[in-house]
Amino acid sequence: MDNGNTTADFILLGLLNHTSAHQVLFGIILVIFLTSVAGNALMIVLIHQDPRLHTPMYFLLSQLSLMDLILVSTIVPKMATGYLTGKKSISWVGCGSQIFIYLTVGGGECFLLAAMSYDRYVAVCHPLRYPVLMSWPLCLRMTLVSLLLGAADGLMQAVATLSFPFCGRHEIDHFFCEAPTLLRLACANSSTFEFLMYTCCVLMLLLPFSLILTSYALILTAVLRMPSTDARRKACATCSSHLAVVGLFYGAAVFLYMRPQSYRTAGHDKVVSVFYTIITPMANPLIYSLRNSEVKSALRKYMAHCY
């Protein structure tokens, strides 16, 4: 048996090989990545420059775009470099950094989406008190707390995972460093830590998701009591973009992290991870831009100013 080693580089086996079909898939992923970067960067610029978008809702949306931008930029460039150059190694520090950033941003998005659902609850159920209940200091605190909770989870998992000795050829059957996949290489018994990690992931998903469900249950109750059809339609339109984003994010995250270990395979994990780390960050700005008249108006104004 190989001796445990905690310092040697790891090898990311990646997502694709060099067949014609996979080369086409690589091109598609690259286009999605560039669309995601451009879309999220543009959303941040629009919200920063247009005074009409200087509201708590759009501030939280800009933070979501920033997190998506960081997430996709942490994963795809390394994957693309390894595919194009054949250099698939990643250092111990690089692997730990990927785990930390990925979990910080992913965990932060869980709680940020809960904060955004509270914002929609206040807007629909308490519109006259909106400036008080959704003040700027509260927005900043919610954003900071979201990041700190994500960072705490990321730091704990990165440090604990990399503290194990690893055996064999250090080949990670994934396209980025992820704690559960990395633990398959551990020489020591990691079952206790895997159980704690699974419990932590479930709590990180279910706690904010329960807040989102509560917010939308109260919103639905308020909408059903509205006498005007137009008021109901406007309230539903206000929440539809956020609901679509929540569905994309939590659908992939629940499938990826809340399945028992016995039901997980490397192939399924890779496919769902592509959706979670590459496709969803591209879809979020598209959903908000296509379904939001204020964002579309700001985009037209920005394009007219540029050209």
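## Salt bridges

Arg 169 and Glu 171 are joined by a salt bridge, with 3.3 Å between the closest N and O atoms. The structure shown is a predicted model. Arg 169 is exposed, its relative accessible area being 68%, while Glu 171 is partly exposed at 29% relative accessibility. A second pair is Asp 173 and Lys 270, whose closest N and O atoms are 2.8 Å apart in a salt bridge. Asp 173 sits in the loop between β3 and α6 (179-183), and Lys 270 sits in helix α9 (residues 266-290), so this pair ties together parts that are 97 residues apart in sequence. Asp 173 counts as partly exposed because its relative accessibility is 31%; Lys 270, at 13%, counts as buried.

A further salt bridge links the side chains of Asp 50 and Arg 52, at 2.9 Å from N to O. Asp 50 is buried, with a relative accessible area of 5%, whereas Arg 52 is partly exposed at 44%. Over the whole structure, a search finds 5 salt bridges. As a general point, side chains of opposite charge can pair when their charged atoms come close.

## The sheet

Which strands make up the sheet, and in what order? The open sheet has 3 strands, arranged β2-β1-β3, and its pairing is mixed. At the edges are β2 (89-90) and β3 (171-172), each of which pairs on one side only. Strand β1 (residues 10-12) runs parallel to β3, and 2 bridges join them. Across this pairing, Leu 12 stands opposite Ile 172 in β3. In general, the strands of a sheet pair through backbone hydrogen bonds, either parallel or antiparallel.

## The nonpolar core

The largest nonpolar core has 90 residues, and the members that touch the most others are Phe 10, Leu 113 and Leu 182. Helix α3 (residues 92-125) gives this core its largest share, 15 residues.

What does Leu 113 touch, apart from its neighbours within four places in sequence? Its contacts are Leu 64, Ile 212, His 242, Val 245, Val 246, Phe 249 and Tyr 250.

## A buried threonine

Thr 143 belongs to helix α5 (residues 136-162). Is Thr 143 buried or exposed? Thr 143 counts as buried because its relative accessibility is 5%, and the cut-off for buried is under 20%. With neighbours within four places in sequence left aside, Thr 143 is in contact with Phe 59, Leu 60, Gln 63 and Leu 112.

Which residues make the nonpolar surface patch of about 260 Å²? Val 24, Leu 25 and Ile 28 make this patch. One of them, Leu 25, lies in helix α1 (residues 20-49). Leu 25 has a relative accessible area of 41%, which means that it is partly exposed. A residue needs over 30% relative accessible area to join such a patch, and the 41% of Leu 25 is therefore enough on that point.

Methods. Residues are numbered from 1 along each chain as its sequence is written. This is a predicted model: local features need pLDDT of at least 70, side-chain atom pairs count only at pLDDT 80 or more; totals for chains, interfaces and linings use all residues. Side-chain values use heavy atoms; hydrogens and water are left out. Patches are made of residues with over 30% relative accessible area and no salt bridge: like charges are joined within 9 Å, nonpolar side chains (Val, Leu, Ile, Met, Phe, Trp, Tyr) within 5 Å. Accessible areas come from the Shrake-Rupley method with a 1.4 Å probe; for residues, only the protein chains shown count as cover. A salt bridge is a side-chain nitrogen of Lys or Arg within 4 Å of a carboxyl oxygen of Asp or Glu. Helices (H or I, at least four residues) and strands (E, at least two) are DSSP runs, numbered from the N terminus. Buried means under 20% relative accessible area, exposed over 50%, partly exposed in between (1.4 Å probe, protein chains only). Two strands pair if DSSP finds at least two bridges between them. Contact means heavy atoms within 4.5 Å. A nonpolar core is a set of buried Ala, Val, Leu, Ile, Met, Phe, Trp, Tyr and Cys residues joined through side-chain atoms within 4.5 Å.
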